[in-house]
Amino acid sequence: MKKFIILHLILLISAFLSSCISKHEQDEHTTHEEHDEHYEENIVMLPKDEWKEFGIKDAIAESGELKIYVTLPGQIEVNQDHLAHIVPRFPGVVKEVRKSLGDQVKKDEVLAIIEGNESLSPYELKSLTEGTVIDKHITLGEGLSDEDVSFVIADLSTVWVTLSIYQRYLPLVVEGQQALISTGHGAPDTEGTISYVAPVVEENTRTGLARVVLSNPHGLWRPGMFITAKILVDEIDVPLLVPRSALQMIENQTHVFVLTDIGFKPHPVTLGRKNDTHVEVTSGLIPGERYVKEGGFTLKAEFSKGAFGAGHAH
């Protein structure tokens with residue numbers, strides 16, 4: 001009887017241990033499945049032959065040169081070095097006016113005929129330079145002195161870009177720097193070089209002045225136009241540089257999609273220095289990793305709705 005009881009107890013203990021091991025294996029298997037499923041849910045799977053359709057472009061994470069700019073307001077002005085104020089040689093009466101506002105004139109071309117007050121002989125009022133009539137103060141029959149400016153002639157093949165420099169930028173802006181000039185109204189941007197920085201600050205605005213001489217062969221840059229100028233003030237080598245187009249906001253955190261063996265995985269990243277087009281990545285992306293530089297918005301949208309998630313791979 002005693003042996004029977006002991007045997008029965010052994011069988012019960014064995015059954016209990018077997019049940020515990022089976023449950024542990026089942027729980028462990030379930031945990032692995034849940035982990036794999038969770039991992040795959042964070043992956044956007046898309047065959048490479050469909051990348052073009054979705055605008056996906058990849059690149060290798062690497063170092064780069066970050067260009068630092070300051071943006072300054074300004075306006076287009078007449079090049080004062082190519083400007084002429086035309087005055088009569090002698091006082092007299094205007095007998096003939098040959099040029100009007102906007103007319104193109106050549107050097108020594110006749111602008112008007114004046115009859116001298118003393119000699120009563122007519123003489124020609126000529127242009128001192130080639131250019132455009134941008135101002136005119138002369139009418140037929142008018143009496144003029146030898147100090148009256150009758151015409152203002154400007155050579156507009158070049159213009160001045162006058163920039164206002166905020167005080168915090170004064171130490172950064174120097175002669176010889178490149179400036180990208182833009183009107184912001186659909187006109188093409190153009191580049192120029194800062195040729196002059198004023199040594200004093202304007203008393204009323206407390207801003208400095210810089211100047212770019214801009215070529216204007218087609219007359220697109222008209223005096224009086226407001227512009228903005230991006231001045232390249234520094235170039236910094238950073239360990240990891242990506243275009244802003246690679247950044248995607250997911251759950252209020254910046255991510256970059258990284259290409260893995262089975263698809264695209266969003267990596268949260270920390271950003272450092274930046275400009276309008278590129279940013280430094282200080283963590284979350286490793287040099288040599290392949291990431292999505294364009295088209296990440298599409299991946300973000302599909303990631304959010306799970307269209308390319310586990311079981312839905314294209």
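Predicted model: local features only at pLDDT ≥ 70, side-chain atom pairs only at ≥ 80, totals over all residues.
Two strands pair with S17, and each pairing is antiparallel. With strand S16 (residues 248–250), the pairing extends over three bridges, and Met249 stands opposite Thr254 of S17. The two strands make a hairpin with two residues between them. In that turn, Glu251 adopts a positive phi of about 50°.

Strand S18 (residues 264–268) is joined to S17 by five bridges. Here His255 stands opposite Pro268 of S18. S17 and S18 likewise form a hairpin, in this case with four residues between them.

Attention now turns to the open sheet, whose four strands follow the order S3-S10-S8-S5 with antiparallel pairing. Strand S3 (83–86) and strand S5 (104–105) stand at its edges. Each of these edge strands has a single partner strand, so one side of each is left without a neighbour in the sheet. Within this order, strand S8 (residues 131–136) and strand S10 (residues 151–154) are antiparallel and joined by four bridges. Val133 stands opposite Ile153 of S10. In general, strands of a sheet pair through backbone hydrogen bonds, in either a parallel or an antiparallel manner.

Notes: Residues numbered from 1 in each chain as written. Heavy atoms only, no water. Pairing = 2+ DSSP bridges.
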